[in-house]
Amino acid sequence: MSKISGECLCGYISYSCSEEPVMAGHCQCTDCQKISGAGHIANIAIPRGSLTISGDLAFHEKQTDSGNTVRRGFCPRCGSHIYAENSGMPQFEFIRAGSLHDLEQSNPTMVVYAGSGASWDYMDPELQKFEKMPEM
Ligand SMILES: [Zn+2]
Ligand SMILES: [Zn+2]
């Protein structure tokens with residue numbers, strides 16, 4: 001994967017990453033379904049500290065079923081979800097792949113929380129699937 005950059009729908013938030021992504025995948029947890037309005041969110045994990053963001057994200061925090069806190073960052077003007085961090089994976093920060101300038105910069109290899117995926121949210125059978133979140 002190459003170094004990524006992107007922006008929100010209205011352009012107030014933009015970002016670039018100084019290092020290449022570590023991994024990418026789809027999350028079909030019920031929280032991602034709620035915030036996306038779709039069957040899953042496409043995430044890209046990047047090394048913590050490699051991200052530069054322009055504009056001030058708004059944040060929402062919620063505990064996961066495993067007791068970690070997920071902090072989700074979105075544009076306060078247009079509502080686009082851009083960013084997340086998870087206290088259980090402090091080495092990473094996460095970018096929502098739909099915000100990339102070039103969506104082909106993401107190369108998803110896995111599906112997490114496949115156990116709560118909707119029947120109509122079709123996933124590539126080649127992807128590695130996990131019922132919930134695997135240990136990282
Ligand atoms: Zn925006
Ligand atoms: Zn999720």
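Modeller: A residue is called buried if 20 or more other C-beta atoms lie within 10 Å of its own, exposed if 12 or fewer, and partly exposed in between. Keep in mind that this is a predicted model.

Biologist: Why does Pro 76 count as partly exposed?

Modeller: Pro 76 has 14 C-beta neighbours inside 10 Å. Exposed needs 12 or fewer and buried needs 20 or more, so Pro 76 is partly exposed. Pro 76 is located in the loop between strand E7 (69-74) and E8.

Biologist: What is Pro 76 in contact with, leaving aside its neighbours within four places in sequence?

Modeller: Asp 56 and Ala 58. The cut-off for contact is C-beta atoms within 7 Å. As for C-alpha atoms, those of Pro 76 and Ala 58 are separated by 5.4 Å, with the two residues 18 apart along the chain.

Biologist: What makes E1 and E2 a pair?

Modeller: Pairing takes at least two bridges. Three bridges join E1 to strand E2 (residues 14-17), so the two are paired, and they run antiparallel. Gly 6 stands opposite Tyr 15 in E2.

Biologist: Which residues have the most contacts inside the largest nonpolar core?

Modeller: Cys 27, Ile 44, Ile 82, Phe 94 and Ile 95, in a core of 26 residues. E4 gives the most to this core, with four residues.

How values were computed:
Residues are numbered from 1 along each chain as its sequence is written. Chains are lettered from A and ligands numbered from 1 in the order in which they are written. This is a predicted model: local features need pLDDT of at least 70, side-chain atom pairs count only at pLDDT 80 or more; totals for chains, interfaces and linings use all residues. A nonpolar core is a set of buried Ala, Val, Leu, Ile, Met, Phe, Trp, Tyr and Cys residues joined through C-beta atoms within 7 Å. Two residues are in contact if their C-beta atoms, placed from the backbone, lie within 7 Å.
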